[in-house]
Amino acid sequence: MELLTNIGLNHYLTISALLFGFGLFAVMTRRNAIVILMGVELILNAANINFLAFSKYSGGMEGVMFSLFIIVLAAAEAAIALAIVINIYKIFRSVDVSSIDTMKE
Amino acid sequence: MHSLIQLSIAVLLLPLLSFVILIFFNKRLPRRGDFVGVGILGTTFALSFYIFWSVVVQAYDPAFRVAWDFTWIDFGNVPGVGPLEIRMGIVIDNLTAIMLAMVTLISFLVHLYSTGYMSGDPRYGRFFAFLGIFTFSMLGIVLADNLFAIYIFWELVGLSSYLLIGFYFEKDSAADAQKKAFLANRVGDIGMWLGILILYSQFHTFSYQEIFANLAAGKFGLGEAWLTAAGILLFMGCVGKSAQFPLHVWLPDAMEGPTPVSALIHAATMVAAGVYFVARIFVLLTADALHVIAFIGAVTAFMAATIAITQHDIKRVLAYSTVSQLGYMVLGLGVGAYSAALFHLVTHAFFKACLFLGSGAIIHAMHHEQDMRWMGGLRKPMPWTFATFTLATLALAGLPLTSGFMSKDAILAGAIGFAAAEGGGIYWIIPFLGFFSAMLTAFYMGRQIWLVFFGESRTHLKPADPHHHGHDAHGSHGHDDHHAGESHGVHEVAWNMRAPLVILAALSVFAVYSPDPLDGAKGWFLKMVQTPATVVGSPGNTAGHESSPLALHEGRLLAEAVPPAQHKAESDAHSEGVASEAASGVHAEAAGAAAHGEAHGHEFSDPRQAAIAHEAHAAHWPAIMISSVMVVLGISLAFVVYVFRIIDPEKTARSIRPLYLYSFNKWYWDEIYDATFIKGSVLISKILSWFDANIVDGIVNGVGAMTRRVGFATGGFDKYVVDGAVNFTAFLVNTSGGVLRKLQTGKVQTYVVLLLLAVIGYFIYYFTQLIY
């Protein structure tokens, strides 16, 4: 039970890896562009957890600074990505990424 | 500059001015500008006559000479040739002055005559322009002081004769005739040019005086044979221009030109040019060259006379008569009777111009009928023409009291003297042919007079000719066409055509030239124009003489040495003259022998000339006797045949048909030339054409075919190797592109998967690296 009570760095990293895996899974398998964006948010937050965990156990403040930047960046990214999605919807009348393949060949 | 030179330049250029004005402006001038031509030629004649008067009458000096020259082109120092400059100049001596007056007078009269004869012609103005340039060219020949200038004007005469002979160029016969004249002349001119070049190669000058001076000084380095060749080559020019055998064929055909042109070309200008040129170069002709010239002249005289007796065309008879008389002149030059030949040139010019213009008047009045068979009885309607024509005929036949008698007799005397001096034998052929031709001349001229002027009109006998289309526009319309009697519609020509006839006939009378009708040597002409001494061969003679080198250089050795004796002989008793001449001959001979014994060619120098002159003088009376008998014989024969009809000409012609046909067909010269030169040229052309078509074209085609093969080979290389490489590259790119483009699905998630796989791949690689 030590594993459950004695919380260490590995726990953080495991959560982060799981979160990353879910995010990646969502990005790779979902067809809806908005769901993909949500997957991206998961991946970003997985990265945040990684940064904060390493920051806590290494004693420096660089990881905190990075995660703060990533949160801001994620907000900006979400705004721009949603704007792109809205425009895609205007053009293709759909947010299904599998049907948006005019770049093919 | 001497005032006479200035005048002569004006004389030379005025006809050219007439040409320029008329050729450009004749359509804008009233009367097509004929008054310009006539007026300018009148002025030219007046100036020429002033020169003639100053030189011949006032100066009265056989050695009179004025010269002027200038550098025309200076090429500087030409590599390989040396200093090269061409000088032009004018020389006036007695001969020039006489020729100037003669040419301009006849040209002026022809201009005047043409205002009548050519009126109504569509190219009336241009005709006068051509006459102008013709006169200009001839005056250039007369005045030139060097061979280069004379060659230029020689060719100009050829050109202007071409223009005039082919004046009615719509007619094929006229166009053919002009070509024939031009080509025949070209043959002669090539020889003449080669002769000029031979002399130039030795002396580097074209000037007569310098060439003669160099020859006299013995500077001719090629030897006797080349000098003879040069003389004969130069004489070829004369053979062409003066229509000598064997290039005489152009002259009769040149009758296609308008009749005034015939008068101008065949009397005063073109044909006289050849004789004049030989006279100018007379002193450089070697004895061999002179023999050739004499034989050619004799053959020409005889041949043309035999042809003239059977021709039907009034102008053709006169044309052959011209050839025959030119033969006399050339014969005269060849036998050394220089002054006699030139005398005949001048007298012949006047009476032959008169005959041609007279025949023109007849043709004009007969509405362009030229065939004597359909004439007859013209003496009543055309008394002026009849009188002048008859007078000129007598002069041509050489009856006493005419100019022709004196000049022809002088030539024949020279021929006898020549034959005697050369030692007889084959040389007697020359005087024999001369006398025989004199008889024939009398015969055919008697025939012509009778056929044209006597008997009844035979106009109605002419077979109907559907193609006949006379230029009747300027005929006798408006006058009494129903003239009584035999000559329907024929009447005398107007004053502007009559006046030249009268003037020219008057100049055919002996009194113009000599007070003694039997001896031309008493007249001014033979006193003023004297045979110059030859400059070829013997430097021994020049050294032996007392006369200054300058006098010799000017070709006057004999003029100073022998002629004084001649003068004396002429004025004194005959025998005394012979004696003094013989003395001078001996003197010259002694001088020749005394100086350089080794000098080459003594026999061609003064002794020979002196001997000929001596013999010719002795032959004066025999020549008169024989030629008179011959002429009377000829005229009697004409009377017997055509007047009394004792011998029927048709029957005679039939009985000697081959001979008749031989004469009638002009000795078949045209046919001979056709069979040899023309057919030969055609054959050579065909051979060359075959060569061209097979050999040259074969080479060209072979090269072409080879190029094609090479092209195919390089084309194949290009197609399969170079293109193959290029296409293979493209194929590679295409194939790999086809494979790679499958990766580009356009689906973002595929890319994410690929990215993930790449990262995983990287990690696998990284960790394997770590492990090993």
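Student: How many helices and strands are there in chain A?
Tutor: Chain A has 4 helices and 0 strands, counting DSSP runs numbered from the N terminus, with helices as H or I of at least four residues and strands as E of at least two. This is a predicted model, so local features need pLDDT of at least 70 and side-chain atom pairs count only at pLDDT 80 or more, while totals for chains, interfaces and linings use all residues. Residues are numbered from 1 along each chain as its sequence is written, and chains are lettered from A and ligands numbered from 1 in the order in which they are written.

Student: Thanks! What does chain A span along its principal axes?
Tutor: The C-alpha trace covers about 55 × 30 × 25 Å. Its radius of gyration is 17 Å, whereas a compact globule of 105 residues would come out near 13 Å. That radius is taken over C-alpha atoms, and the globule rule is 2.2 Å times the number of residues to the power 0.38.

Student: And what share of chain A is buried?
Tutor: Buried residues are 12% of the 105 in chain A. Buried stands for 20 or more other C-beta atoms within 10 Å of the residue's own, exposed for 12 or fewer, and partly exposed for anything in between, with C-beta atoms placed from the backbone.

Student: What's phi doing at A:R93?
Tutor: A:R93 has a positive phi, near 55 degrees, and is not a glycine. Most residues other than glycine have a negative phi. A:R93 sits in the segment after helix 4 (62-92) of chain A.

Student: Is A:R93 buried or exposed?
Tutor: A:R93 counts as exposed, because it has 9 C-beta neighbours inside 10 Å.

Student: Now chain B. What is it made of?
Tutor: Chain B holds 30 helices and 2 strands. Of its 772 residues, 51% are buried.

Student: Which residues touch the most other members of the largest nonpolar core?
Tutor: In that core of 229 residues, they are B:I106, B:V275, B:V278, B:A341 and B:A353. A nonpolar core here is a set of buried Ala, Val, Leu, Ile, Met, Phe, Trp, Tyr and Cys residues joined through C-beta atoms within 7 Å. Helix 14 (residues 338-365) of chain B contributes the most, 19 residues.

Student: What does B:I106 touch?
Tutor: Leaving out residues up to four places away in sequence, B:I106 touches B:L264, B:A267, B:A268, B:A349 and B:A353. There is also a second, separate core of 5 residues, including A:A33, A:I36, A:L37 and A:V97.

Student: How are the two strands of chain B joined?
Tutor: Strand 1 and strand 2 (residues 82-93) run antiparallel, joined by 12 bridges; pairing takes at least two DSSP bridges. B:I73 stands opposite B:I86 in strand 2. The hairpin has 3 residues between its strands, and B:G80 there takes a positive phi near 85 degrees.

Student: How many residues of strand 1 are buried?
Tutor: Strand 1 (residues 65-78) is hardly covered, with 1 buried residue among its 14.

Student: Last topic, helix 8 of chain B. Why call it largely enclosed?
Tutor: 14 of its 18 residues are buried, so helix 8 is largely enclosed by the rest of the structure. B:T228 lies in helix 8 (residues 224-241) and is buried, with 20 other C-beta atoms within 10 Å. Beyond four places in sequence, B:T228 is in contact with B:T286, B:D288 and B:A289.

Student: What comes after helix 8?
Tutor: B:A243 follows, with a positive phi near 55 degrees. B:A243 is buried, having 32 other C-beta atoms within 10 Å. B:P246 lies in the loop between helix 8 and helix 9 (250-253), and the peptide bond from B:F245 to B:P246 is cis, with omega near 5 degrees.

Note on methods
Contact = placed C-beta atoms within 7 Å.
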